[in-house]
Amino acid sequence: MHATSVRRLRLGAAFVLLTYLILHFLNHALGLISLEAMEAGRWWFLALWRGRLGTLALYGAITLHGGLALWLLYQRRSLRMPAWESAQYGLGLLLPALLASHVVGTRVAWWQAGTEDRYARVLMVFWVLAPERGAWQMVALTVAWTHACIGLHHWLRFRPWYPRLAAWLLAAALLLPAAALAGFVAGGREVMALARTPGWTEALGQASAPPDRTEAAALVRIRSGFLDAYLGALVTVLAARSVRALWQRRRSIRITYPGPRVVTVPVGFTVLEASRTAGIPHASVCGGRGRCSTCRVRVGRGREHLSPPAEAERRVLARVGTAPDVRLACQTRPVRDLTVEPLLAPSIAPADALGADVRQGHESEIAVLFADLRGFTRMAEHKLPYDVVFVLNRYFETVGTAIRDAGGITNQFTGDGVMALFGVDAGPEAGCRQALAAARAMVDGMAALSAELAGDLPAPLRIGIGVHAGPAVVGRMGWGESFYLTAVGDTVHVAARLEQATKDHDAELVVSEEVARYAGADLAAFPRHDLAVRNRAGRIGVRVVARVAALGAVLPSRG
Ligand code: FES
């Protein structure tokens, strides 16, 4: 099975397990109210997870997630990995052993012996009869939660919105298990008090129908059988890895790094695995999943023997705009000797991951506006240079004010063109609404300026505006005095292309459909076209607005 499909399936299963864990924690947290509240919450919890669908989802997810984790463990060529990944793997592999007793004592006991695993019974075991099992259970829950949080963090950290919400998510990630543990302690204390009430323990025993001696022995066998099977599977995977390594050692290749440093690895290793095996520092922000580009290497001798990049790798390389001799080390499996040169410092952070050289930047979803004066060069040919400067400065003042008042940031004035960013702090929805409002104000401003300068201009000034929205790396770039906030990336190229398209369509404004969607503006009344953009697969759906004044009726009123 393809590694990406395996990861997707594992992720889907992980989401089911995460949902289960969150609901389980919330149920425990009800102990802060009372034991009775815990039992009431448990009724809903079981209604969800002990129904046919819930059982299928839960146990299907456990089997899939665990089975695929073992499969990926077999697939990896090297067990050297970043600390966070080792922690996630290690904690995940511990979980079946940590949770086996609890699952057999509750769910399996209910299933096999009809035992009622209500909170009062479980807490009685954990707090009165066998406190060491209670401590064990707390460790198990903490391990499960930490494993889930590490996975979630590394999955989400490339999302543009993640940095904004990270502090809140961290707070939730700490508060939820803390509340669950506090509820577990409060419930336990209540049960300890109840256990001192004469007759309570006996009544609980009768009500929960604990397994008899034969059933208890059968449950112990089930637990041991599961643990043996799990251990057997783990040992089999590790043994299969060793056999494969012995087999592959017969065919090895040499990878030469700058220095020069030569690493000999079996055929089948990726370049990143070769670096890790040899202890060569190599950036790999996404952990070798082909999602960040930080592991990229320039390939020298032996490049001709590499198979071409697969779709996922090609997409990442195209997005970063690399030269043809650059490959992702984590996706490249050389079959002959190869010379490579890692291109990024090993300490690079996620925010830097998708840009060429944007160490000050971060990826975010923004709206980008390009505007240009129509026919100004021709008009300027017949004017004195000082007059041209005068008109241009009035023009920049007019569009700059319109952009600033709408909430945008003027970014570049080049010739008679301007680039502006919207939504850098406020997000793409607000940014797109601001960009459309700015476009309208810019056109109105140009009409007023043309009227004011009517005596000096052979024809009214006309402007063409293109707006697109999407991910871009936004950061302060430049040198010396010229250090300013700008954006780079595909979104910027597309916005510039849309501004050029205003000439082809003799229109004041061309906006992509992304902009309309983000802004919540219904632009169906304006003609739709599909535009090709250089170096970009697929075409961009755009709306052509001949006269911006016509936007008035469709623009949302929110700022
Ligand atoms: S490590 Fe992220 S793409 Fe290779």
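## Residue S275

S275 is part of helix α10, which covers residues 271–278. The structure described here is a predicted model. S275 has 0% relative accessibility and therefore counts as buried, since buried means under 20% relative accessible area.

Leaving out residues up to four places away in sequence, S275 touches Y257, I280 and H282.

## Helices α5 and α7

Helix α5 spans residues 119–129 and helix α7 spans residues 162–195; their axes come within 9 Å and cross at roughly 85 degrees. Because angles of 65 to 115 degrees count as roughly perpendicular, α5 is roughly perpendicular to α7.

On the α5 side, the contact is made by A120, L123, M124, F126, W127 and V128. These meet F184, V185, G187, G188, V191, M192 and A195 in α7. The residues of this contact of α5 with α7 comprise 11 nonpolar and 2 polar ones, with no charged residue.

## The second largest pocket

The second largest pocket holds about 600 Å³ of space. It is lined by 26 residues, of which S101, G105, R121, V125 and R133 are the closest to its centre.

The most comes from α4, which gives 7 residues to the lining of the second largest pocket. By type, the lining of this pocket divides into 15 nonpolar, 8 polar and 3 charged residues.

Technical notes
Residues are numbered from 1 along each chain as its sequence is written. This is a predicted model: local features need pLDDT of at least 70, side-chain atom pairs count only at pLDDT 80 or more; totals for chains, interfaces and linings use all residues. Side-chain values use heavy atoms; hydrogens and water are left out. Axes are lines fitted to C-alpha atoms, for helices over the stretch in contact, and angles run from 0 to 180 degrees between N-to-C directions. Helices (H or I, at least four residues) and strands (E, at least two) are DSSP runs, numbered from the N terminus. Angles under 35 degrees count as roughly parallel, over 145 as roughly antiparallel, 65 to 115 as roughly perpendicular and the rest as oblique. Contact means heavy atoms within 4.5 Å. Ala, Val, Leu, Ile, Met, Phe, Trp, Tyr, Cys and Pro count as nonpolar, Asp, Glu, Lys and Arg as charged, and the others, Gly among them, as polar. On a 1 Å grid over the protein atoms alone, a cavity is a set of points where a 1.4 Å probe fits but cannot get out, and a pocket is an open set with protein on both sides within 12 Å along at least five of seven lines; lining residues have an atom within 4 Å of a point. Grid points are joined across faces, edges and corners, and a volume is the space filled by probe spheres set on the points. Buried means under 20% relative accessible area, exposed over 50%, partly exposed in between (1.4 Å probe, protein chains only).
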